[in-house]
Amino acid sequence: MRNKLALQGLCILSIFIGCNKNDDSPLPEIILQNEPPLSFDLINVPDNANEVNLLPTLTWESAKNPMGTEVTYDLYLDTDTNPTISVESGIGTTSFQITTALSHQTNYYWRVVANDSEGRKSQSSIQKFTTRYYRFSEEPVTPEAEFMARSSHTSVVFNDKMWAIGGTVGFSRANDVWQSEDGANWTEVTPSAEFPERAGHSAAAYNDKIWVIGGLDLMQEKFNDVWHTEDGETWTEITASAPFSERWGHKSVVFDNKLWVIAGASNSGRKNDVWHTSDGINWTPATLSAAFSERSNPAVTVFDNKIWVIGGIAGNIRFNDVWYSSDGITWEEATGSTPFSERFGHSADVLDNKIWVIAGNSEIQTRNKDVWYSDDGINWTEMTTEAPFSGRFRHSSVTYDNKLWIIGGVSPQSSENDVWVMD
């Protein structure tokens with residue numbers, strides 16, 4: 001009887017540790033209680049790191065699951081101290097490459113949440129890093145592009161490429177068209193487009209086409225013709241004589257689903273008129289006399305759902321004022337005098353939600369190499385007084401691949417065909 005009771009007690013115990021009359025039988029598998037993924041730490045980018053690249057790879061420890069089931073991760077990253085913006089969900093590894101460039105000089109906070117197959121979660125701590133400042137390449141992307149050195153040309157971004165069109169080449173005007181996907185290697189699309197050779201024209205990408213408007217030929221004849229192309233090789237004249245006067249040193253932008261022509265120099269003098277079109281044939285004057293003074297060679301860009309006109313020249317007077325309009329009709333002065341000097345032949349583009357003003361001509365024989373930015377058009381910060389490129393004006397610039405590109409222009413020595421990049 002005593003042996004029987006002992007055997008019963010042993011079998012009761014075996015519920016937990018296994019029971020079998022045969023001593024050499026294997027113990028049953030121990031069933032663990034369900035638990036969430038184990039705690040884990042963030043590894044890289046290190047907490048409080050500075051000067052972090054704009055496309056960082058974020059890594060973290062593996063969050064083991066006691067059950068051995070699959071664990072995936074959700075990554076959260078934003079500028080709030082408690083990040084709630086999901087960058088990616090269901091990540092199967094312990095790292096993730098950011099593919100959309102972050103903003104410069106910005107504090108970011110990030111965390112990772114581990115999830116198992118049954119919906120249990122474990123969260124990392126929250127860490128902070130600060131992205132780097134803007135920077136130029138120390139050397140040009142190319143010191144000599146395949147196209148000839150030039151100035152008063154135009155550049156646009158179209159079909160995921162940068163394009164350079166026409167301009168002053170030596171003592172001649174050009175009507176060649178070039179394209180590039182990387183800024184280093186340029187391909188000639190056509191050595192001689194259907195439109196006459198010209199400089200000081202405007203160009204824009206609009207309605208799946210590149211448009212070229214007006215300009216000046218070698219004999220100082222000014223144009224008010226309008227051309228477009230779908231491939232850069234074959235050009236069609238939309239009108240030989242638009243209703244605005246012949247001109248050069250004007251600018252074109254795309255705004256409010258329309259193509260615009262702004263200011264410039266005509267046979268009757270500088271202009272401050274503003275025109276727009278939806279088809280290149282029918283043009284409407286938004287105003288024949290804008291609130292900003294008559295001028296040519298300003299910098300014009302679109303930012304914060306407004307058109308911006310910056311600086312320019314009229315006779316011997318150079319400007320450093322900034323004007324904006326939300327309809328092209330009514331113009332308001334953001335500032336009458338920026339901290340950068342009066343200038344013309346500079347360029348303006350938008351990058352990282354800021355307006356950028358690059359180089360230009362301030363005085364006779366002066367070629368600037370300063371670069372400025374603003375997030376409101378009123379307050380301006382100097383990114384650099386001495387950019388690595390030679391001082392210049394009548395260059396072109398575009399925003400492409402989340403970078404700012406500077407192409408050609410007139411330097412103190414000569415015209416250039418170099419290409420520089422800032423990101």
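What radius of gyration does the protein chain have, and what would a compact globule of 423 residues have? The chain has 31 Å, while such a globule would have a value near 22 Å. Here the radius is taken over C-alpha atoms, and the globule rule is 2.2 Å times the number of residues to the power 0.38.

Hi everyone, a quick word on what we are looking at. This is a predicted model, where local features need pLDDT of at least 70 and side-chain atom pairs count only at pLDDT 80 or more, while totals for chains, interfaces and linings use all residues. Residues are numbered from 1 along each chain as its sequence is written, and side-chain values use heavy atoms, with hydrogens and water left out.

Back to the overall picture. Along its principal axes, the C-alpha trace spans about 125 × 45 × 40 Å. The chain holds 1 helix and 32 strands; these are DSSP runs numbered from the N terminus, with helices being H or I of at least four residues and strands being E of at least two. Of the 423 residues, 53% are buried. Buried means under 20% relative accessible area, exposed means over 50%, and partly exposed is in between, using a 1.4 Å probe and protein chains only.

Now let's zoom in on strand β19, residues 258-266. How many of its 9 residues are buried? The count is 9 of 9. On one side, β19 runs antiparallel to strand β18 (residues 251-255), joined by 5 bridges; two strands pair if DSSP finds at least two bridges between them. Within that pairing, V253 stands opposite W260. The hairpin of β18 and β19 has 2 residues between the strands, and D256 takes a positive phi near 55 degrees. β19 also runs antiparallel to strand β20 (residues 269-277), with 7 bridges, and there G264 has K271 as its bridge partner. Those two strands form a hairpin too, with 2 residues between them.

Further along, please find strand β26, residues 347-351, where 4 of the 5 residues are buried. It pairs with β27 (residues 354-360) in the antiparallel sense over 5 bridges, and S347 stands opposite I358. In this hairpin, D352 takes a positive phi near 55 degrees.

Last stop: E181, in the loop between β12 and β13. Is E181 buried or exposed? E181 is exposed, because its relative accessible area is 55%. Leaving aside neighbours within four places in sequence, E181 is in contact (heavy atoms within 4.5 Å) with D160, K161 and Y400.
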